[in-house]
Amino acid sequence: MEAELKQLKEKLASASTAEAVALLWQKYLGKQGSIKLLVKALADLPEAEKKIRGPLLQSWYQEAQALFVAKQSALSQASLEDILQAQAETLDLSRPKIGHLHPLTQTIRLMNKIFIDLGYSIMEEREIETDEFCFQRLNVPADHPARDMQDTIYIQEPNVLLRTQTSSIEARVLANYKPPFKVVAPGRVYRNEKVNKSNHFIFHHYQGFVVLPTASLQDLFGTFNHLFKKMYGPDVVIRFRNKYYPEVEPGVGPDMQCFSCQGHGCPLCKGVGWIEMGGAGMIHPKVLSLAGIDSTKWRGYAFGLGLDRWVMAKYNITDIRTLLGGNLGYKYHQNENTL
Amino acid sequence: MKILYSQIKELVPQLRASASEVAASLTMIGFLSDGFQQVEWQDHRDYLISLEVRQNRADCLSVIGLAREVAAYYGLSVQLPSPATAPHSYAEDKLHITVAAEKYVQRIVATQISGLHNGPSPAWLQAWLMLYDINPVNLLVDISNYVMIYTGYTSHLLDIVKMQGGLSWQINKGATTIQTLDNTEIKLTGNELVIKDQQNILALAGIVGCQTVALSQQTTDIIVEMAIYERSLIMENARRLNIITEASNRLSKDLDPEGLAWAFSFLVDMLLSYGQGKLSSQKYNYYLHPAKTRTIILDPSLVSAIAGIAISQEKIVETLENLRFVVERTVENSLRVTLPSDRLDVQLPEDLAEEVIRLVGYDHISKDNLPSQIVTPDITPSIYHLKDKVKDCLVTLGWDEILSQPLVASNINEQTNWQPGQSIITQNSVNEDYPDLRQSMASGLLNQLHSYLKKNLDYIQIFEVGRIYTQHHGYQEHDSLGLLWHDFSLEPKLNHFKQTVEQLLRHLGLADINYVEAKKIPSLANSYASYDIMIGDRSVGIIYKLQPQTDHSTTYFAEINLDLLLELLANIVDKPAMEIIKKIVALDVNVKLAVKQDIRQYLQKLREKIGAEKLWDVGVTDIYPLDNNKVRYTLRVAYWELDDREAKALHNKIFDLQ
């Protein structure tokens, strides 16, 4: 039987299909299989010989059975492998492109986040405005000297125009909503100016206005200081000076110490050490009254910032025209060097 | 406005602050110093300070006005030179002046001076004018300019020899042409305030004089006049005729008529002194409605409330008095403030508060305190969130955002518009090449495409979210999304492109997306590959292949009206999560409809008939045209929360099956 077992081992090793294994089973362990017959023949042996040869034969028989189980398991495993190999897929290893938000959008979102955290709403309004909401309701009647401050692009002179300032959004909100409110309003404005590297007839403002039962210049300054520190870091130095705007009283000019020369004076700040950052002030009582808001019960402040130069400084853009097309591009695979 | 430091010191003798300190102080109180220059003046080192003067402070377009501000800031007083010409020095003869435009003339002061010796002005005067960027002309003209800068009041000197009779201030009635002092021809159209003699227009009042009566080196006898007019007319005339002069700049603002008399005396003094002439007429003084003294009642607590810091009543009074306001305490603990006649900008208690706060100094107000957080309603419009969501989705899908200018060339809208309405055209844009407001986002995206192609960029899928403007039942504007994809091959990929549109729309929550042939095809589109994007039965946008931009690539464009999307999204009842206990039972049915019958409407009615509480989904699985002008649709109707028997019973009932 030992020879039979040895032969079985050799044949099982060379069998590569389930069918071949089944034939071997029949030959060795089937009803008429050679090993099976040897085990059956044990019954005819004398008792004494049975005791000697029985356990050995039994152990060989079990070993033969185990060989078959192992072989069948191995064949089954090999079959799955074939299936998996047949279904193999490879990854496209080209690097995915990433999309980009425009620098102006990124900056506006950054500022929006700061103000949303302070409980502000975000507003938008029409760009084709009326003279009433762009000027008159902001305390700039038709014959006001401040009209010369803004060259207007008209759709239908004198009443329909492209808004020259996002203060028109303030005028709309004051007219259409009841206070209290805290609002910021990023938006596009238009002035009738020749286009060159530094000037465009379209630019972007970031307007903010608050109307509450109490509001003061200190609240305005605190808000501005918070914004500038969030945008430029804790070391930013700002100052507030008196400035005239018809829609506010008192008016404020917020300046940031020049980050290029730290206030010593350089070409960027035109030698004065400070960079003008926009305009602000307490909402003029006439503006509140024109909107039907009782200026003895409500007080507000407003501010407007030019966005384009902030964005140009942040992204090292030297030509304002780049912001509205043409030369603005995006670099892909930004993380390539870090992989 | 420029000012010499030494001239401030002359007017404010007690001033100890340096020139740079004065410039810094003026900046903080409302007059931004935008230039500071060391100069030589009368053999001494001096400083020329350039300042932005507030639009409402015509009084500060003068050396005296700015000196007053400096004096107020430092708590000092201004010492004006005393006029030397006594009233009795004037001669007996009357000037022949009529004012026909009473409505537009506030005050005129005039006189005649004879025997003058005109010629070059002294070196100091010429040098002084040059510092102020004014070219010297001759003695008399230079004095006139000097007085304008010094006092803020403009004057007009007329050569009597060249005049034809008396002077008249009147409104010009007809079209005519004048030649100004600098030999510019101006066409008048009517309604200008002019100064005339019996024959000629001698000046556009408040704006510019005419060559007709210009002074020459030989001029000996002149009429000198100073006037203040209705400023809105001067502003309107100057704007309409596009003539901006030192005079019109000042007379378009509120100037104090009371101060005119002193300025006139100062001018006459100089003319007599340097020109060696003599007064040869009475002083003419037209002043029908003299200015009244104005007072404002100020509650002192208002100042602190606006500033946000405590400012004592004593400090308020002191500051206002430094500004030449006269302050009295009233029994109600308020302040009765009488205004100097030249402070026409001050009209309200809030204006007085500003005067106090700006001189106390904004730097005394803390900037380290965030205001207390008062919760206010969120009034952010939904469109704002939608636009942010659209941008985020597209960036995630690998798209780049661009922004473009909405003013476009006049033929662009004809090529790109796919919506109803006419182009809106601007009337006066200096950028004449771009007069129209865009009607499609395609214009900016195409410009960007061409720029990228020139620069050899190899990955171009760009989008813009912006405004579209149309004249359609009035001036309309709405938010729109434009997408442009440039594929560097000629393979047809419109279906690939539409997947981006659909991914976006599904991301927003819109599922019922379909397409029909475009109703209005832009001329730059391939008319065989243009479709309207539908949500249900509403057209919300367009998708098309562009006519070839290069011979080896293909460009696709899509545009979606975001305002319309917002309307549709508002109607979606958003209840996507539910508990499913029973298995879904899907049953098929054939229905026959007329060819003309809209299957979408049929399905919508079917949904309503079955009801949302029992219908999981319904869709068309097969369409088969029949020969009797009908179509057979095979529908699969999926029921939920019904067992097999209940679903079948409902199905049979709905479709009338046995």
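These legends go with close-up views of a predicted model.

Residues are numbered from 1 along each chain as its sequence is written, while chains are lettered from A and ligands numbered from 1 in the order in which they are written. Because this is a predicted model, local features need pLDDT of at least 70 and side-chain atom pairs count only at pLDDT 80 or more, with totals for chains, interfaces and linings using all residues; side-chain values use heavy atoms, with hydrogens and water left out.

**View 1. A helical stretch of chain A, residues 17-82.** An unreviewed UniProt entry lists this stretch as "domain: Phenylalanine-tRNA ligase class II N-terminal". UniProt positions are given in the numbering used here, feature names are shortened, and annotations may be inferred rather than shown by experiment. The stretch is 83% helix and 0% strand, and its end C-alpha atoms sit 13 Å apart. Helices here are DSSP runs of H or I with at least four residues, strands are runs of E with at least two, and both are numbered from the N terminus.

View 2. A disulfide needs a pair of cysteine sulfur atoms within 2.5 Å. Over all chains, the disulfide count is zero. C261(A) is buried at 10% relative accessibility (buried means under 20% relative accessible area, exposed over 50%, partly exposed in between, with a 1.4 Å probe and protein chains only). Over in chain B, C210(B) is buried too, at 1%.

**View 3. K243(A) and E276(A) paired in a salt bridge.** To count, a side-chain nitrogen of Lys or Arg must lie within 4 Å of a carboxyl oxygen of Asp or Glu. Here the N to O distance is 3.1 Å. K243(A) lies in the loop between β7 (238-242) and β8 (248-257), and E276(A) in strand β9 (residues 274-276), so the pair ties together parts 33 residues apart in sequence. K243(A) is buried at 15%, whereas E276(A) is partly exposed at 38%.

**View 4. Sequence neighbours E125(A) and R126(A) in a salt bridge.** Their closest N and O atoms are 3.4 Å apart. R126(A) is partly exposed at 36%, while E125(A) is buried at 17%.

**View 5. A salt-bridge network in chain B.** R57(B), D59(B), E69(B), R343(B), D345(B), E355(B) and R358(B) are linked up here. Zoom in on R57(B) and D59(B), and the closest N and O atoms are 2.9 Å apart. Both partners are tucked away: R57(B) is buried at 1% and D59(B) is buried at 13%. The whole structure holds 45 salt bridges over all chains.
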